[in-house]
Amino acid sequence: GAGNNLTINTTGITAFSGNNYTNLSELAITADEWNIRGLVSTSGNQSYDVEKFKITENLTLLSGAGNITIGSAQNEPELNANPKDSGFNLSIGDANQTGDVAIYGYGVEGGGPDPSFDPDRGLGPIQIGEGSFNVSIQTSKALDIDSGEFLNNGTVALTTGADASSYIRF
């Protein structure tokens with residue numbers, strides 16, 4: 001808090017186990033598995049460079065003028081709503097949000113065509129706030145999302161890989 005930056009670099013499973021992380025300037029997470037819930041609010045960028053992004057309860061990410069980035073085109077994390085059918089919501093942005101949102105990742109309910117897929121992967125409902133910002137969701141594999149509500153006043157881009165088995169499904 002107190003308007004400071006927070007950078008966490010770790011291996012193994014790491015968690016924000018409380019409910020609210022607010023008054024941060026910027027947040028940068030590098031971890032094998034990141035378990036997250038509650039409210040994370042920054043005035044600047046939030047980045048999650050992780051192998052597994054696991055939502056353990058409802059989650060709200062707010063970053064004002066900063067960008068929110070989960071994964072990257074080079075490192076798509078497994079997205080997991082613990083389990084997806086739990087209905088844990090992922091809410092991103094609000095009316096004050098102007099920083100863009102990029103979500104990279106994969107996860108298929110029931111495991112999908114890849115036997116290595118965890119059957120609880122994918123995202124529960126995703127809600128995008130009313131601010132003036134762009135949203136990009138990208139996977140080179142496959143991604144299940146329970147439902148989506150996009151209220152932002154910017155573009156929404158859904159991008160899949162060239163392989164026929166790559167998709168985003170709501």
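What share of the 170 residues in the protein chain is buried? Buried residues make up 44% of them, where buried stands for under 20% relative accessible area, exposed for over 50% and partly exposed for the range in between, with a 1.4 Å probe and protein chains only. This is a predicted model, in which local features need pLDDT of at least 70 and side-chain atom pairs count only at pLDDT 80 or more, while totals for chains, interfaces and linings use all residues. Residues are numbered from 1 along each chain as its sequence is written, and side-chain values use heavy atoms, with hydrogens and water left out.

**The chain as a whole**
- The protein chain has 0 helices and 15 strands, these being DSSP runs numbered from the N terminus (helices H or I, at least four residues; strands E, at least two).
- Of the contacts in the protein chain with a separation of 6 or more, 45% are between residues 24 or more positions apart, a contact being heavy atoms within 4.5 Å.

**Pairing around strand 4**
- Strand 4 (residues 27–42) pairs in the parallel sense with strand 1 (residues 6–9) over 4 bridges, and Leu-6 has Leu-27 as its bridge partner there; two strands pair if DSSP finds at least two bridges between them.
- Strand 2 (residues 13–15) is likewise parallel to strand 4, over 3 bridges, with Thr-14 partnered by Trp-34.
- Strand 3 (residues 20–24) runs parallel to strand 4 and is joined to it by 3 bridges, and Asn-20 stands opposite Leu-39.
- Strand 4 is also joined to strand 5 (residues 46–62) by 13 bridges, again in parallel, and in strand 5 the bridge partner of Gly-38 is Leu-59.

- Asn-153 lies in the loop between strand 13 (148–150) and strand 14, and it counts as exposed because its relative accessibility is 57%.
- Although Asn-153 and Gly-129 are 24 residues apart in sequence, their C-alpha atoms are 8.9 Å apart in space.
- Leaving aside neighbours within four places in sequence, Asn-153 is in contact with Glu-130, Gly-131, Ser-132 and Phe-133, and its side chain reaches the backbone oxygen of Glu-130 at 3.0 Å.

**Val-156**
- Val-156 is in strand 14 (residues 156–160), and it is partly exposed because its relative accessible area is 37%.

Definitions and conventions:
A polar contact is a pair of N or O atoms within 3.5 Å; within protein, one must be able to donate a hydrogen and the other to accept it, and residues adjacent in sequence count only if both atoms are side-chain atoms.
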